Amino acid sequence: MDFVELEAIEGLRWSWNSWPLLSDNSSLIIPLSIMCTPLMHFNELPILPYDPHICSQCGAVLNPYARVDYQSRIWVCPFCYRKNPFQKTYLGINENNVPAELFPTYSTVEYHLGKKGLAQNPNLSPNFGNSSLLSKTASFSGLDLGKKGLAKNSNSSSNFGNSSLLLKMASFSGPNSGLDLGKKGLAQNLNSGSNFGNPSLSKMALFSGSNSGLDWAGPTYSTVECHLGKKGLGQNPNLSSNFGNASFLGSSSGLDWASYGLGPAFVFVVDSCTSDEELRVVKNELLHVIAQLPETALVGLVVFDSMVRVYDLGFGECCRVVMFHGERELSSEQTKQLLGIHRVKYQAGMVHMAPKQGFLIPLSEGEFSITSAIEDIHSSPQVMPDHRPLRATGVAVSVAVGLLEGCLVSAGSRIMIFTSGPATIGPGMIVSSDFGNAIRNQRDIGNGYAPYYKKSSEFYRQISRRLSDSSIALDLFACSLDQVGAAELRAPVESSGGFMMLTESFDSDQFRKCLRHIFSHDEAGNLKMCLDATIEIVTTKDVKICGALGSCVSLQKKNGSVSDKEIGEGGTYMWKLGAFTDKMCIAFFFEVGDEQKAQPSSAFFIQFITRYRYGSIGIRKRVITAARRWVPNHSPEIAAGFDQEAAASVMARLAIHRAESNFSQDIVRWLDKNLIRFASKFGDYVPEDPSSFRLATNLSLFPQFMYYLRRSQFIDVFNCTPDETAFFRLLLNREGVVGSLIMVQPTLFQYSFDGPPVPVLLDICSVSPDIILLFDSYFYVVIHYGSKIAQWRKLGYDKDPSHDSFRKVLEAPEIDAEQLVSERIPVPKLIKCDQHSSQARFLLAKLNPSVTHNSTYTQGSDIIFTEELSLQVFIEHLQALAVQG
């Protein structure tokens with residue numbers, strides 16, 4: 001069974017692909033789990049321009065496993081067996097004309113929801129396998145899927161007949177927003193009403209005219225219908241007087257920014273204690289980001305040192321800011337009151353408007369003021385000698401969250417922190433400003449000698465809850481030689497789906513590439529950013545959901561499929577994220593229900609429903625439906641369906657989850673105990689005879705993965721700062737199976753004169769004077785030159801035309817290393833070193849110490865000075881313990 005091919009179809013990796021009918025899943029040792037990449041990139045992913053058809057009982061979406069009765073026009077849900085009638089949009093369905101979600105090859109489909117509507121997705125055609133599928137989709141939905149919208153369809157009147165069907169289509173455009181049929185659509189055609197059998201529909205065009213005569217701020221129109229074109233409100237010059245500084249869209253109005261075509265929102269939080277040279281790079285990159293944002297994006301700016309300054313970008317007469325003291329902890333309500341955007345309670349039924357605010361404004365209305373404010377940022381005055389700069393990072397983050405909370409941004413938002421040092425005052429403080437007080441290390445935290453750690457961590461956990469409630473993602477760009485407090489900030493960054501980058505300087509390709517990657521665009525020119533996401537799981541009744549480990553927050557929504565046993569973010573069937581990427585992976589855990597009545601060889605189903613906002617173009621919903629089969633409790637199919645790579649990734653996540661509350665030695669013992677139980681259960685051996693021990697091919701590498709996991713930087717935190725450990729664990733907790741395995745067991749390739757590069761063992765014996773090694777541990781890439789190769793390079797042999805083969809050997813690993821660096825975010829550090837040099841430690845620390853100072857070795861071979869067990873000794877001990885039963 002090729003698990004990689006299955007992942008390419010489903011976006012899922014199962015630790016066990018055949019599930020036994022066991023109510024006690026602990027006998028499997030490795031939990032029943034799925035590594036899910038909800039937004040994985042697929043070459044042929046159908047994007048359907050209509051709402052999904054949902055089961056009225058369990059909430060599952062129509063999928064290829066549903067049984068369809070074309071005569072009665074009903075479908076039977078495979079999850080709950082409920083019979084559901086097809087919606088009216090499926091009137092044309094029959095055996096020869098089926099929607100894409102019923103195609104057997106499309107177990108994963110995506111729906112384009114929101115105000116872009118049914119007929120306005122220009123990307124439909126290339127996303128379907130062929131044009132016939134597109135025509136079939138159009139035929140049963142009664143839609144013209146052309147770029148010009150419904151008004152350009154010569155057959156539109158016959159398709160719709162009367163206005164009732166047209167009005168039903170308005171549901172795709174969101175509540176109270178009217179129809180949005182594109183620049184050429186109905187709402188802009190004053191004669192469209194006669195085409196559809198009801199001239200009253202032409203009244204809708206009034207809302208798109210420049211002389212509509214409507215006073216939107218008046219008390220009469222508590223709810224209005226409007227046509228918002230591609231550019232949104234900010235591009236209509238006749239509306240600018242009403243929107244000015246977006247004041248009427250403040251929190252008191254209770255209006256949805258997204259329904260007015262505005263969003264997403266970005267609040268940039270800049271540390272002004274950064275040096276002039278570094279700050280200049282940050283400002284230039286922010287200006288580059290502003291130029292890449294859609295004109296409907298909302299932008300805010302917060303600058304901090306010992307004080308926090310929130311820029312009033314809507315005030316055009318001069319640069320105006322609101323100051324917050326860096327030592328004062330403010331609640332959400334206090335922040336909104338001081339900014340003048342607090343919510344005011346009114347009696348039910350009364351219409352009210354928000355106080356004016358210009359702290360978060362559309363780019364189309366304030367690009368000049370935004371760029372001027374960014375250019376106005378200057379480095380803070382010099383600090384006292386022997387003291388750190390005074391930074392109020394915690395207050396700056398809290399104020400930025402309060403700003404977005406007050407403005408009720410519902411189109412997704414991000415807070416991006418750019419800092420160059422630790423917080424030294426106020427809530428979230430990491431260390432005092434006096435250099436006489438060293439910043440906390442791993443031992444200080446473990447022994448309780450870090451005076452600010454617990455309080456700061458609790459403060460940021462409260463921030464995490466606020467971020468989740470408001471669908472905000474928090475990003476951290478920390479460029480410093482010192483720690484900045486990433487260990488404390490990990491909770492809000494990870495739970496919100498935000499991005500974290502630790503490097504030494506802002507003036508580096510790592511920083512530039514990471515920041516620009518976040519604001520990259522797709523082929524259609526749309527912002528390639530997924531915000532405000534929720535993930536829902538629907539299962540058959542015999543499967544219970546235990547929880548999730550990854551960048552997500554439990555919404556604490558329970559139903560019959562939620563287990564009482566919780567793992568990670570549990571107690572729910574739905575999770576939330578502020579931001580998402582197409583490579584972000586979450587581990588979900590399951591168990592078999594106690595009262596299961598399934599029969600062996602019968603199928604069970606699990607469906608993942610991911611709803612998210614894609615940039616500024618609307619809401620999408622991706623649905624992944626997967627099926628597997630039950631097998632008898634002692635069936636050989638159980639072991640045959642074991643995915644050792646996925647299982648290793650799951651165990652790594654469970655290990656770092658336990659490491660948050662346990663010592664490293666306890667985690668190692670837990671890993672060893674589970675590995676021994678696993679080998680004893682699934683190994684083939686004669687009792688009490690270690691030499692007879694064997695593991696099947698698809699199980700044989702699992703002990704090796706566990707060996708490298710137990711000695712990795714995720715478990716053994718010696719020689720790592722708390723910030724580095726938090727960074728490593730955060731990335732492991734969101735990477736897919738392939739990336740996780742590279743982190744746990746790095747790859748090693750050998751380059752020599754004998755032929756093309758070949759993979760070699762991650763062992764000290766692979767080091768040789770006449771070869772080059774390319775080492776990839778995900779976080780850094782090392783090109784290691786053997787001593788002879790290094791000597792020839794220093795003598796300049798690569799520049800001699802007669803030694804062209806040597807030049808090619810030198811170039812090959814550099815080309816491959818550059819490709820690895822260019823394709824990975826965050827950008828790994830590239831290290832070039834010679835054998836026996838100090839930088840070679842990055843390679844030697846990860847190699848299996850098969851030859852140490854205590855070993856018998858041949859003259860000239862490398863050794864590793866360590867007391868650690870080698871892989872060979874580890875496997876021997878495992879075999880001896882496993883055969884004892």
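This is a predicted model: local features need pLDDT of at least 70, side-chain atom pairs count only at pLDDT 80 or more; totals for chains, interfaces and linings use all residues.
## A helix pair to start with

H8 and H10 sit roughly antiparallel to each other, a label that goes to angles over 145 degrees, while under 35 degrees counts as roughly parallel, 65 to 115 as roughly perpendicular and the rest as oblique. The angle behind that is about 175°, with the two axes 10 Å apart. Axes here are lines fitted to C-alpha atoms, for helices over the stretch in contact, and angles run from 0 to 180 degrees between N-to-C directions. Helices themselves are DSSP runs (H or I, at least four residues), as are strands (E, at least two), and both are numbered from the N terminus.

Who touches whom? On the H8 side, Lys283, Leu286, Leu287 and Ile290 meet Leu363, Glu367, Ile370, Thr371, Ile374 and Glu375 of H10. Contact means heavy atoms within 4.5 Å.

Residues are numbered from 1 along each chain as its sequence is written, and side-chain values use heavy atoms, with hydrogens and water left out.

The chain has 885 residues, and 57% of them count as buried. Buried means under 20% relative accessible area, exposed means over 50%, and partly exposed is in between (1.4 Å probe, protein chains only).

Secondary structure comes to 25 helices and 31 strands. Taking contacts with a separation of 6 or more, 72% are between residues 24 or more positions apart.

## Salt bridges across the sequence

Searching the whole structure turns up 34 salt bridges, each being a side-chain nitrogen of Lys or Arg within 4 Å of a carboxyl oxygen of Asp or Glu. One of them pairs Glu645 with Arg13, with the closest N and O atoms 2.9 Å apart. Glu645 belongs to helix H17 (residues 644-659) and Arg13 to strand S1 (residues 12-14), so this pair ties together parts 632 residues apart in sequence. Glu645 is partly exposed at 28% relative accessible area, whereas Arg13 is buried at 2%.

Asp271 and Arg391 make another salt bridge, with 2.5 Å between the closest N and O atoms. Asp271 is in strand S9 (residues 265-271) and Arg391 is in the loop between helix H10 (363-375) and helix H11 (393-407), so the link joins parts that are 120 residues apart in sequence. Both Asp271 and Arg391 are buried. Then there's Arg512 with Glu285, at 3.8 Å from N to O. Arg512 lies in helix H15 (residues 509-518) and Glu285 in helix H8 (residues 276-292), so here the parts tied together are 227 residues apart in sequence. Arg512 is partly exposed at 24%, and Glu285 is buried at 4%. Salt bridges with shared partners also join Glu7, Arg13, Asp643 and Glu645 into one network.

## A five-strand sheet

Another part worth a look is an open sheet of five strands, ordered S28-S27-S29-S30-S31, with mixed pairing. S28 and strand S31 (829-834) are at the edges with a single partner strand each, so one side of each has no neighbour in the sheet. From one strand to the next, the twist averages 15°.

Two strands pair if DSSP finds at least two bridges between them. Strand S27 (residues 747-752) runs antiparallel to strand S29 (residues 772-776) over five bridges, with Thr747 opposite Asp776. S27 is also antiparallel to strand S28 (residues 755-759), through three bridges; Phe749 faces Pro759 there, and a hairpin of two residues connects S27 to S28. S29 and strand S30 (residues 780-785) are antiparallel too, with five bridges, and Leu774 stands opposite Ile783.

Helix H22 (residues 787-794) lies across S29, S30 and S31, at about 80° to S30.

Is helix H21 (residues 737-744) mostly covered or mostly open? Mostly covered: seven of its eight residues are buried, among them Val737, Leu741, Ile742 and Met743.
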